[in-house]
Each structure stands twice: as structure tokens, then as C-alpha cells.
Amino acid sequence: SAYRARDDLTTDITVNVLGFSEVLLASLEAGSHPFVVIAGAATEVGMLDKLTIDDTAVDDPQTFYDVGKTVQSLYMHQFAREGWLHGCKLKFANVYGGQSSGESDRGFLNNSVTRALSGKTLTYFSNGTYTRDYLFVGDAASSLIAASTNQDFTREQSFMIGTGRGTTIRQALILISEIVYEFTGIMAPVVSIDPSDDLYAIERRDAVIDANRFQLGTGWAPITSLEVGITKMVQRTISGSQ
């Protein structure tokens, strides 16, 4: 969580920077020389003046959360320069489909599905036209596997990972409300609210990910549409509560 990181810098640094380096050091002490695939975030490149983002975008982290992700990359690359290990980094678009998060700024679609199934209102800021690239968790997982099984191509590289398809936040929430209604008869209203005063500027970005370089080099491709992914989430949640 970007806001949790800002509110507790000591814990954020301890877990995400020192903790990461300690894992790498522990593997070396155990005699292992692993290929490390870092799960990063597309937001590490900061605010850009273009909608589509590809691997040419330069890191410009604008939250402590993203700073920590970027520092992990620097440590991994330095470990590689020392000849201690090899690895790569995947910078993910908005991943959804896993478990709901306790943080308000993480797992937005997951939490929205949970709210919709309870008939609670789904909210978006302003007019809800901020565009996101939503990547299903299964596709994110398969990209991690593709990165680790194509090491000659991915070694010491950084890749943007997404679907290449943009959806506004309002459109995504309306889709959730419609799918939940289809399966349960519960109608969750979708309404606009004013953003909080301390909202990070990065929350207002528009971003669609161009993952063509990674796809061509590994053969990976996202296979789950947003509608199918949300449907899977709704079905799983319903079956789990019965």
C-alpha cells in the first residue's frame, strides 16, 4: 500500500528493501545462485504524458511504495554485476482476481466484488474516466513462469506486463455490478464521490501496458478478458460462501 508505506516508512524499508536483500543473501549463504524474478509495478515509471506504456519508460517512482520496488531492482542488478545471481523484473499492470485486500488502495477490483456481493455501493472518484489495464492473477502468474523459463531472453531485463486493453474505472465497476446481479440478483449501485485531499497524483493516471517485447521473447500472452476474470471471481466467492 502506497499510503501504508508513507505512514510507516521504517516498516516499509525493513520489509521491502532490507527483507528483499536478506532473502538474496540467505540464498547465497545456502550455496544457491537463483534466477530472481521480481514482481514490480507499472506505477514505478510515474506519471507519463502518453496512454500506452512500454519497456522504454524510465523509472520515476513517485510514492514510497514504488521507491521500494525500484530499490529492489537496483539491488538485484548489483548482485548480478557481482556474479552472485541472475534475474529480471516484471512491472505489472493492475492485477486482480486474488484475495481481497485490507488496504483501500490495493486490490480495488477484488474489494469491489466483495462489496457488490453484499449490495454495497461501488464508488469511483470524479467522473471515473481514469483508464487502467487490468491483468488477471492467473495471467500474472503465467508471466512469472515464462520469465523464469526463458532466462536467456529475460536475464537482467525489465518488462512491462499487461493486456494492452484499457478500461475506465467506472466501466469496470459497472461490469462488476452487472455480473453480480446476473448471478445473485443483488444490485450494487455505482456512484461518483469526491477524492480525498491526500490522494496521490499517480491515482489520476491513465495507463495501458504494451507487453509486446515480453510476448515476442517468451511466447507468453494474457488469455483472460476482464469480463471472464470478474465472472470467475464472483463464482468463486459465491461457491466459497455456500
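Tutor: Here's a walk through the sheet, strand by strand, and then the helix that goes with it. This is a predicted model, in which local features need pLDDT of at least 70 and side-chain atom pairs count only at pLDDT 80 or more, while totals for chains, interfaces and linings use all residues. Residues are numbered from 1 along each chain as its sequence is written, and side-chain values use heavy atoms, with hydrogens and water left out.

Okay, the sheet: it is open, built from 3 strands in the order β1-β3-β8, and the pairing is parallel. Strands here are DSSP runs of E with at least two residues, helices are runs of H or I with at least four residues, and both are numbered from the N terminus. Two strands pair if DSSP finds at least two bridges between them.

On average, neighbouring strands are turned by 25° against each other, direction ignored; the axes are lines fitted to C-alpha atoms, for helices over the stretch in contact, and angles run from 0 to 180 degrees between N-to-C directions.

Now zoom in on β1 and β3 (residues 86-92), which pair in the parallel sense over 7 bridges. Ala39, for instance, has Leu90 in β3 as its bridge partner. Helix α5 (residues 137-148) packs on the sheet, where α5 touches β1, β3 and β8 (contact means heavy atoms within 4.5 Å). The direction of α5 makes about 155° with that of β3.
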